[in-house]
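Subject: The model, and what turned up in it

Hello,

Here is the structure I promised to pass on. Please open it alongside this email, and then read on for the details.

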Amino acid sequence: MTFGDIKYRLNEFWSEFRKERSGLIGLGILIIALLIVIFEPLILPWKDVNTKWRSIDYWQDNSANAPPAWTNAFTKLKAPVTMRLEDAKKEETELDGGIKLVTYTFDYHYTADKAPLDVILHITGHGDIPFQVAIERPDGETIDLAQRFEQGLSGQDIRLSIDNDGREAAFTFVKNYESQEALEQFSGKSLRTADILFNIAQPGMAKEFKPLKGTYKLIAKAMLLDPENSSVEEPYIVVTGSVSGILGTDDSKRDLFSGLIAGLKWALLIGFLTSAISVLIGVMYGIISAYFGGAVDSVMQFVYQIVNSMPVLPVLIVISAIFKPNIYMLILVMVLFFWTGSVMTVRSMALQIKEETYIEAAKALGAKKSRIIFKHMVPILIPYSFASMALSVPSAIVYESSVSLLGLGDATIVTWGQILHDAMQGAAILKGIWWWILPPGLLIAIMGMTFAFLGFSMDKILHPKLKTR
């Protein structure tokens, strides 16, 4: 087959395919999915989600079970959105004794009707360094929140939380506006620090929250006692809000949008790899069975009937429960059962091709059986395999999701089925955490629908009995 023949057939196929609207829809969704996979590092809000999905420390600054940020559009009282502040104004001051004071000032524009849950400073340090964190409110009040002296640092991340480290400072601030009688009802541990810091300073502020909106200055100071051997770098602040990201968080504070984006490539890999291998095996199996016929065909059909009658999901569950779950092991097991899907159709088509005149002519000319199969039969039936591959992709994705939903998936990767499993374990339905359940379920359905559209459209064009020409 020449390049010109291939080009002609592709153009002919495309002219037919573009008449199928469902196929074009499926192709469009597939292209978008592939682009997301390619540009995943740029799209992911949390860059290390693939390796740290189950790391508690990595997600500790988020709020648990936070709804998506866009839900603010449907609520009267606007909640603060979780955000990361990295643009800081840096100042360095030389003190007596060769000591250097480094000051970072972050601007936080507060416009919500509720207080943030926490404000957390992260900074990397080297050497022995005293730290101080303060906040300057829009009303001009400055509160020294926390002080800490870190020794022997060698590049560790220092984390200061105002909710924990600033409680006493916030309680001291409240004393300036509340009566002694009112203060007897509270303590430094009973008040949320953020509820005080972002509240209008007035009597009764300990009981009632009235947001003080405006620009807050979050000030972090580090004293370098030995500037030659000590330093600070990479400071940033996380404002933990009660709504977060595009799709919210789960009860482990993980960003669900990042998890779903990271799981897309595994859904495509599972679907493509399983369907491609199993369909190619099935096509070759059906051709060989039809061509040789007789006893060979009887034995091969007996094996086919046995494998085809075995339930796939229970076998997957048993194997995953016995052995350590691994994504490639699951793919291998699915291939061992999925190859039967295209056998009978290919066999019936191969039986017709086998009786064609050119096949008889090839036999008469002494062509080898392998040449007849690979030169004359496979090229005709391979196009059919593309439609079968597209139709079998949804099954592979759903089976993996089902196994993961039962807690028997590969825990080293992020898949949509595992996200649903965690939602089930976390009683997301009972708690009303819909953003933990609907997005992964919808993505599984959409991905299945995409390949179903592609498969049905290709089947109409490539299958001889369904051609629309």
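Predicted model: local features only at pLDDT ≥ 70, side-chain atom pairs only at ≥ 80, totals over all residues.

Residues are numbered from 1 along each chain as its sequence is written, and side-chain values use heavy atoms, with hydrogens and water left out.

The pLDDT (the predictor's confidence in each residue, from 0 to 100) averages 87 over the protein, and 96% of the residues score at least 70. Confidence is lowest in helix α1 (residues 3-17), with a mean of 72, and highest in strand β3 (residues 100-110), at 95. Please treat one stretch with care: over residues 465-469 pLDDT stays under 50, and the model has 12 contacts for them beyond four places in sequence. Contact here means heavy atoms within 4.5 Å. Helices (H or I, at least four residues) and strands (E, at least two) are DSSP runs, numbered from the N terminus.

**Strands and hairpins**

Two strands pair if DSSP finds at least two bridges between them. Strand β2 (residues 88-94) and β3 run antiparallel and are joined by seven bridges, with Lys90 opposite Tyr104 in β3. Five residues lie between the strands of this hairpin, where Gly97 has a positive phi near 80°.

β4 and β5 are also antiparallel, pairing over 16 bridges. In this pair Ile129 stands opposite Glu150 in β5. The β4 and β5 hairpin has five residues between its strands, and Gly140 takes a positive phi near 95° there.

Thr103 also belongs to β3. Is Thr103 buried or exposed? Its relative accessibility is 10%, so Thr103 counts as buried; the cut-offs are under 20% relative accessible area for buried, over 50% for exposed, and partly exposed in between (1.4 Å probe, protein chains only). Not counting residues up to four places away in sequence, Thr103 touches Lys89, Lys90, Glu91, Ile219, Ala220 and Lys221.

**The nonpolar cores**

A nonpolar core is a set of buried Ala, Val, Leu, Ile, Met, Phe, Trp, Tyr and Cys residues joined through side-chain atoms within 4.5 Å. The largest one has 44 residues, of which Phe131, Ile135, Leu145, Phe198, Leu218, Val232 and Ile237 touch the most other members. Elements giving two or more residues to this core are β3, β4 (118-136), β5 (142-161), α6 (167-175), α8 (193-197), β6 (214-224) and β7 (231-240). With seven residues, β4 gives the most. Leu218 shows how the pieces come together: beyond four places in sequence, Leu218 is in contact with Leu85, Tyr104, Thr105, Phe106, Tyr108, Val119, Ala134, Ile135 and Ile237.

Another core, of 36 residues, lies apart from this one and has Leu420, Ile433, Trp436 and Phe451 among its members.

**Helices**

Leu420 sits in α16, where Trp416, Gly417, Gln418, Ile419, His421, Asp422 and Ala423 are also among the buried residues. Helix α16 (residues 416-425) is mostly covered, with eight of its 10 residues buried. The cover over these buried residues includes α9, α15 (369-405), α17 (428-431) and α18 (438-462). After α16 comes Ala427, with a positive phi near 55°.

Helix α9 (residues 256-292) also packs with helix α10 (residues 294-309), at an angle of about 145° and with axes 7 Å apart. Those axes are lines fitted to C-alpha atoms, for helices over the stretch in contact, and angles run from 0 to 180 degrees between N-to-C directions.

**Single residues to look up**

- Asn65 has a positive phi near 55° without being a glycine; it is in the loop between α4 (49-52) and β1 (83-85), and is partly exposed at 24% relative accessibility.
- Glu234, in strand β7, is not a glycine either but has a positive phi of about 50°. Glu234 is exposed, with a relative accessible area of 58%.
- Lys363 lies in helix α14 (residues 357-364) and is partly exposed, with a relative accessible area of 33%. Leaving aside neighbours within four places in sequence, Lys363 is in contact with Tyr291, Lys354 and Ile372.
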